[in-house]
Amino acid sequence: MEALRRIAAYAVVTDPDHRVLLVRASALSGTPGTWSLPGGAVAHGEHPNETVVRETAAETGLSIAVSGLADVVADMRALPHRGVTIHTDRVIYTARVRGGALRDRVDQPTDLARWVPADELTDLPLRRFTSLALGLPAADEAVPDDVPEFPSFHAAPGPDGLHRAQRFAAYAVATDRQRRVLLTRVAPNYPGAGRWHLPGGGTDYGEQPGAALIRELVEETGQKGRLVELLGVASHRDPASLGPEGYPIDWHGVRAFYRVHVDRATRPRVSDSGGSTSEARWVRPEEVAALGPEDVTEVTAEAIRAAFPS
């Protein structure tokens, strides 16, 4: 089957009566008749929190305001009738209704939108990610027998002829017992070359973000860490990124960043010779505070602000 990958964003929205806003998949979808949180695919260059506002309005007629970040998860499902296997990285927010009127849709991937009382949720055929987001028992979904081969980086020509790439990645604000922060330096010929970055990188097909992050931490720095908390999600688009490919790419990265603790810090070592990381170093808190925007990548600056609010 053809392997596909996408990034999507969804909202957990409740009303004063503790009902949950859900939408039903139509016959035009891959899972007709199932119910899920409102949301959908992240467009190229779009921040996931903009996606969830746009998609919820389209699917339900309601305008929402994002109030928090609930989780970031990934899943694979097989759709044999369509001949595809899909890996989806899902950003799940909490949100509140600002206004609008609930309405249904015609000739779209979802056809119904409803407020569902909490005690009726288990009576519906819920998508697995929706059940998990709501803390309910989750039914299994069809998955491929083997994880398909899928490139970690894939750029395809866009409508304007410029190559486009959208990638989901996970990064760590990793600290040790001395409150030092682990930073990596971007290697030459990669976007942001010479700047300090966070350990982490693109997740593999079929891989959960947290597992990918711990794997990347070992590969890039030799450190073994444990996840503490999800700090945030960043989105960055570079319309003409230049990397080792040697030609401009309209690049869109969606990055989840986590707080990670390394209980037994060692001298960092970069094992991926020739990759995007040239150096790794433990940096004291006061040194991190002294770094300016020209010294670090944009996701590093955003993640450090979230991890160490002033």
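Strands and helices here are DSSP runs, numbered from the N terminus: a strand is a run of E with at least two residues, a helix a run of H or I with at least four. The model is a predicted one, in which local features need pLDDT of at least 70 and side-chain atom pairs count only at pLDDT 80 or more, while totals for chains, interfaces and linings use all residues. Residues are numbered from 1 along each chain as its sequence is written, and side-chain values use heavy atoms, with hydrogens and water left out.

Strand β2 covers residues 20-25 and is joined to β7 by six bridges, the two strands running antiparallel. Two strands are said to pair if DSSP finds at least two bridges between them. Both strands belong to an open sheet of three strands, in the order β3-β2-β7, with antiparallel pairing. The edges are held by β3 (35-36) and β7 (110-116); each has a single partner strand, so one side of each is left without a neighbour in the sheet.

Strand β3 contains W35. Its relative accessibility is 9%, so W35 counts as buried. The cut-offs are these: buried means under 20% relative accessible area, exposed over 50%, and partly exposed in between, with a 1.4 Å probe and protein chains only. W35 and A113 are 78 residues apart along the chain, and their C-alpha atoms are separated by 9.2 Å.

Strand β1 (residues 2-13) pairs with two other strands named here. With β6 (residues 84-100) the pairing is parallel, over twelve bridges, and Y10 stands opposite I92 of β6. With β4 (residues 39-41) the pairing is antiparallel, over three bridges, and A9 stands opposite G40 of β4.

Now to the helices. The arc is that of the directions from the helix axis to the C-beta atoms. A general rule lies behind such patterns: an α-helix has 3.6 residues a turn, so residues three or four places apart point the same way. After α1 comes G61, with a positive phi near 80°.

Helix α3 can be read in a similar manner. The buried residues of α3 are P209, G210, A212, L213, E216, L217, E220 and T221. They cover an arc of only 155° around the axis, which puts them on the same side of α3. Just after α3, G222 has a positive phi of about 80°.

Helix α5 holds R305. At 55% relative accessibility, R305 counts as exposed. R305 and R179 are 126 residues apart in sequence and 15 Å apart in space, C-alpha to C-alpha.

Helices α3 (209-221) and α5 (298-307) are among the elements that each supply at least two residues of the lining of the largest pocket. That lining has 43 residues, of which R167, Y171, Y190, W251 and S276 lie nearest the pocket's centre. On a 1 Å grid over the protein atoms alone, a pocket is an open set of points where a 1.4 Å probe fits, with protein on both sides within 12 Å along at least five of seven lines; lining residues have an atom within 4 Å of a point.
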